[in-house]
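Thanks for coming. I have one structure for you today, and I will go through it slowly. Please look at it first.

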Amino acid sequence: FVLAFVCFIYVMKCFRHMFASALKDNIKRSSCILHLASACVQGLWVLFPLLYLLKSFDFVGISDYEILNTGVHYMSKVVLCSLLVNDFCLTVKEKQALTLAKQERQNQVLLVEKLQEVMKEKDKFLSATSHELRTPLHGI
């Protein structure tokens with residue numbers, strides 16, 4: 001029972017991480033739909049231990065437990081599959097492309113900052129050089 005509870009907590013944590021990542025990278029769908037889907041999936045998965053407890057304390061018979069458990073199992077699969085089929089979550093390639101684009105933007109910002117520093121140094125050098133060139137020419 002303890003191992004099952006630990007596994008359940010881990011699965012719920014993975015679901016939360018998956019939906020948090022989908023919400024963070026939300027470029028395809030509205031966040032309202034993703035929040036609703038997250039609540040549906042987590043709500044369905046909470047029903048598994050609840051059904052187990054109902055069966056353990058003899059509130060439901062074995063046949064009713066099997067029917068309810070199978071129904072919840074298939075409903076959770078339907079919700080997850082519909083999320084994947086309808087492009088609510090990013091694929092691995094899309095996630096990699098998004099990460100690469102972020103890195104490129106950061107590199108561009110760093111490059112612009114470095115170029116601005118170089119331009120300031122160039123202007124200082126040219127102003128000092130032009131002054132040094134003009135000073136000896138005044139005597140001539």
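Which residues form a nonpolar patch on the surface? This is a predicted model, so keep that in mind throughout. The patch is made of Leu47, Leu50, Tyr52, Leu53, Leu54, Phe57 and Phe59. Together they have about 670 Å² of accessible area.

Take one of them, Leu53. It is found in helix α2, residues 31–56.

Now Asp58, which is found in the loop between α2 and α3. Is Asp58 buried or exposed? Asp58 counts as exposed, because its relative accessibility is 66%. Its backbone deserves a remark too. Most residues other than glycine have a negative phi. Asp58 is not a glycine, yet its phi is positive, about 60 degrees.

Next, helix α1, residues 2–24. With 23 residues at 1.5 Å a residue, α1 should span 33 Å. Its end C-alpha atoms are 33 Å apart, so the two values agree. Which residues of α1 are buried? They are Phe8, Met12, Phe15, Phe19 and Ala22.

Finally, the whole chain. The secondary structure comes to four helices and zero strands, in the order α-α-α-α along the sequence. Of the 140 residues, 17% count as buried. The chain exposes about 11,000 Å², and carbon and sulfur atoms supply 68% of that. Among contacts between residues at least 6 apart in sequence, 68% join residues at least 24 apart.

That is what I have for today.

Key: Residues numbered from 1 in each chain as written. Predicted model: local features only at pLDDT ≥ 70, side-chain atom pairs only at ≥ 80, totals over all residues. Heavy atoms only, no water. Patch = residues over 30% accessible without salt bridge, like charges linked within 9 Å, V, L, I, M, F, W, Y side chains within 5 Å. Areas by Shrake-Rupley, 256 points an atom, 1.4 Å probe, with all protein chains shown as cover. Salt bridge = Lys/Arg side-chain N within 4 Å of Asp/Glu carboxyl O. Helix = DSSP H or I, 4+ residues; strand = E, 2+ residues; numbered from the N terminus. Expected span 1.5 Å × (residues − 1). Buried < 20%, exposed > 50% of the residue type's maximum accessible area, 1.4 Å probe, protein only. Contact = heavy atoms within 4.5 Å.
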